[in-house]
Amino acid sequence: MTWETVIGLEIHSQLRTQSKIFSGASTAFGSKANTQACAVDLGFPGVLPVLNEEVVKMALRFGLSVNAAINKNSIFARKNYFYPDLPKGYQISQFEIPIVGQGAIEITLESGDLKTVGITRAHLEEDAGKSIHDLYDDYTAIDLNRAGTPLLEIVSDPDMSSAKEAVAYAKKIHALVQYIDICDGNMQEGSFRCDANVSVRKQGEGLGTRAELKNINSFKFLEKAINIEVERQIDILEEGGSVVQETRLYDSIKNETRSMRSKEEANDYRYFPDPDLLPVVISDELLEEIKKELPELPTEKKIRFIESLGLSPYDAEVLTSQKEVAEYFESIIKQGADAKLTANWVMGDLSAALNKSQIEIFDSPISAHELFVLISRITDNTISGKIAKDVFKLMWDGKGSADEIIDKQGLKQMTDSSAIESMIDDVIANNPAQVQQFKDGNSKVLGFFVGQVMKASQGKANPKQVNEILNAKLS
Amino acid sequence: MHNLTVAELIKGLKNKDFSSLELTQHYLTRIKSSELNAFISITEDEALSQAKEADKKIKQGDSSILTGIPYAHKDIFCTKGVKTSAGSKMLDSFISPYDATVTKKLNNENMVMLGKTNMDEFAMGSSNENSYFGPVQNPWDVSKVPGGSSGGSAAAVAARLSPLATGTDTGGSIRQPASLCGITGLKPTYGRISRYGMIAYASSLDQAGPMTQNAEDAAIILTAMAGFDKHDSTSANKSVPDYTQCLEDSINGLKIGLPKEFFSEGLDSDVEKVVMQSIKEYESMGAEIKEVSLPNSIHAIPAYYIVAPCECSSNLSRFDGVRYGYRCEDPKDLNDLYLRSRSEGFGEEVKRRIMIGAYALSAGYYDAYYLKAQKVRQLISEDFKKAFNEVDLIMGPVSPSVAFKLGSVKDPVSMYLADIYTLSVNLAGLPGMSIPAGFSGNLPVGLQLIGNHWSEELLLNAAHQFQMRTDWHKHSPAEN
């Protein structure tokens, strides 16, 4: 039997404001427990929330970047439940009328095809504090520094049909929120969190019962969690059972999902409009202002890379998939380097080295300018592309700049044609059999000669010149 | 000295007839010898040092109009370093780390806080019998209730334990005790006074206001309490006039509406007589009297007793025994901590309203209760809007009866019914006032004045003009 997977994601993206969504306390991460929570965050008697206008602007930036309908009058509601790290006994969120309505975003599938994923809504809410269960034997410790941190919850339509698509979508949103500078995207610190709603169905049938997967803090785990959950659901259904609607926790160590609470156990949140806050009214002027301030979005950038830099759609996609990568790439181009060559270097050697060392591009030991210099040495014929790879490795290891390394190691390309000619003469003289093969019409032997000459020159001979002279001498 | 009004005390301080310290000591002595249970906390030390500070300021010529005037503060306003209990066991141990905006404003005037007044727990009640700290006695008859929830404040002003008090009014909690204790109480338009630091009962209805001997004093205090506060998004960004400026204006030609629904079954005949007598007084001052109709006001009680419990069920969730306030002994686990802290920390009426609210907000009931109540609220507002197209002020009774015997009303619904004339004003966010208008036997009867949004000046003007012609507000209960 063929099963179809249906996935929708809820992404909690922490907005990078200086202060909290409803109080003046700082949002900085990593401070001493409970030092960044004021009377409002602590839910003291009599305190009232006041909306931080910056979060509204950030939500609008997001809404406009996914072409969403903006609700000109959105409402904050209270989501009521008891938990020790929820000081007021309710979370201020948006329920019936979120600030951002239906929108969409395009993702690139592995096949290279494009797919549009709908965004149901995005709403503003405050984060809860943290319960720390393993600090004391008999007690749970509460840290309310995070309480009141602004979140934008981005809810997708159930448009993804595989774990890979879900990851592609999540990465796309991850890149976007960083492009428009509303979230730092740090998944380790919990600034960007994904919950996945997963269900399976037989082809052509209506939606199956879904499970909501929580506690996923990396793209890798997102893919694994969905795959393991899909397997679990198919197994149940194929054995004639039925899937229970519930929230399941992903355990990355055991690579399994396990039940957290069923629908019956789920809280009745008793939502109602928060009487302490006025409706959020968005004026046309504000929308226009935000529109003007929006930076070039990934899709726009991709089109520009294809159309004015002549990159392939694949290269353009890879280079725009992360804000910092695009910035790094563009910085090299702006200094005058060739676009295609630069793309190859960024996506090739640099990307491989970064991956190997698990370093983000903004921490790269080779700066954009340093890579520009290296690329320039290829285009000005100082070194060959092959030698450049060696230089790159040395640069990566901190052995100096491109020019220093070329100089010190004497890697400068040999462009003196008389010197190259004499090396070629030697090679021809020492390999009469191959010369005969070439003369008999086996043109492939040319590669052998090139290799011998390059070997003799320790890689420094200009390959183009070697080719030209060889061709002339042999024919 | 204690029969002087705030306006007279201001003059006395200015003329150095007495110092703030003398005044403060005088009131403190009276408070300490009173058995009315009007105060939860007497802040003697703080009061004396505030009074000394005020005297210094007066001497230096660095004083404002209210500098050195003592006041009693309802125990629902947060006061830094002073117990703020809201009349609840839940907050019996709670020392607020910050000042409410109202507290701050009165402090900035260098007023002197005598103490924190008794109240129904979390402002839920109409008799002050729901206080963890015991009921307050009505100074006119100690076997009677003072009304609620600002019963301690009303009794304190009536018994001249304080020249003025603060109150809060969610469904009549300033006006009804003012009426039952024979003082002047003003509930301003919703949004006139900041709610920041005022422990929330029902956020969309709660509004602070002054409780005084007369309208002139109310005007002086309102001027000090009112104004936009950036900490309260629901406070109005509207300038504050000097409310005393309009008191002497003529009310000749003022159009007064009498809602026919306020003079029907259930209204005590003595109360009705007093109210009608007052209306005649207004007529004699040149006012035009007209019958109006507020057809939806009969739905005010059910609508209020949905909206207010819904909001309170959520507002009171923060009292969970985790961070401050009452915590049960030896909780077994988290659930036990919640269950027992809240069961033991809250009184019966508070628990009843939390349960009603939680029920009305729950899935499947929200539309039928909360949404319906909000629609009724809209209809009530529209009734008032229509009425105010025809008249300038609406007048009627505050409460269907005079003060009743302590312990006599046992059924909560009967108690709710006593709020019939006051609730609709909160639901519509309008300003309302209670002024002394006469007596039934030895118990005072109040007259309610209801104005359109932001018509506090007119309300105070009409009240003051009445008080220029009558002396009901000058009566004070016999001293024991």
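Let me start with G185(B), which stands opposite M211(B) in strand β6 of chain B, where strands are DSSP runs of E with at least two residues, helices are runs of H or I with at least four, and both are numbered from the N terminus. This is a predicted model, in which local features need pLDDT of at least 70 and side-chain atom pairs count only at pLDDT 80 or more, while totals for chains, interfaces and linings use all residues. Residues are numbered from 1 along each chain as its sequence is written, and chains are lettered from A and ligands numbered from 1 in the order in which they are written.

Staying with strand β5 of chain B, residues 184–187, we find T184(B) and L186(B) pointing one way and G185(B) and K187(B) the other way, and all are buried, a residue being buried if 20 or more other C-beta atoms, placed from the backbone, lie within 10 Å of its own, exposed if 12 or fewer, and partly exposed in between. Two bridges join β5(B) to β6(B), residues 207–212, in an antiparallel arrangement, and strands are said to pair if DSSP finds at least two bridges between them. With strand β10 of chain B, residues 432–440, β5(B) pairs over three bridges, also in the antiparallel sense, and there L186(B) stands opposite M433(B).

Now to chain B as a whole, which holds 15 helices and eleven strands. Its radius of gyration is 21 Å, close to the 23 Å that the globule rule gives for 480 residues, so chain B is as compact as a globular protein of that length; the radius is taken over C-alpha atoms, and the rule is 2.2 Å times the number of residues to the power 0.38. Of those 480 residues, 60% count as buried.

How does chain A stand against the globule rule, with its 475 residues? A compact globule of that length would have a radius of gyration near 23 Å, but chain A has 29 Å, and its C-alpha trace spans about 95 × 55 × 55 Å along the principal axes. In chain A, 40% of the residues count as buried. The chain is divided into domain 1 (3–287), domain 2 (296–408) and domain 3 (417–474), with bounds that come from an automatic or database domain assignment, and the C-alpha centres of domain 1 and domain 3 of chain A lie 64 Å apart.

Chain A also has an open sheet of three strands in the order β4-β3-β14, with antiparallel pairing. Its edge strands are β4 (90–93) and β14 (272–273) of chain A, each pairing on one side only, while four bridges join β3(A), residues 77–80, to β4(A), with N80(A) opposite Y90(A).

Turning to the cores, the largest nonpolar core has 216 residues, and among the members that touch the most others are A166(A), A196(A) and L393(B); such a core is a set of buried Ala, Val, Leu, Ile, Met, Phe, Trp, Tyr and Cys residues joined through C-beta atoms within 7 Å. Its largest share, eleven residues, comes from helix α2 of chain A, residues 163–179.

Finally, the contact between the chains takes 23 residues from chain A and 35 residues from chain B, two residues being in contact if their C-beta atoms lie within 7 Å.
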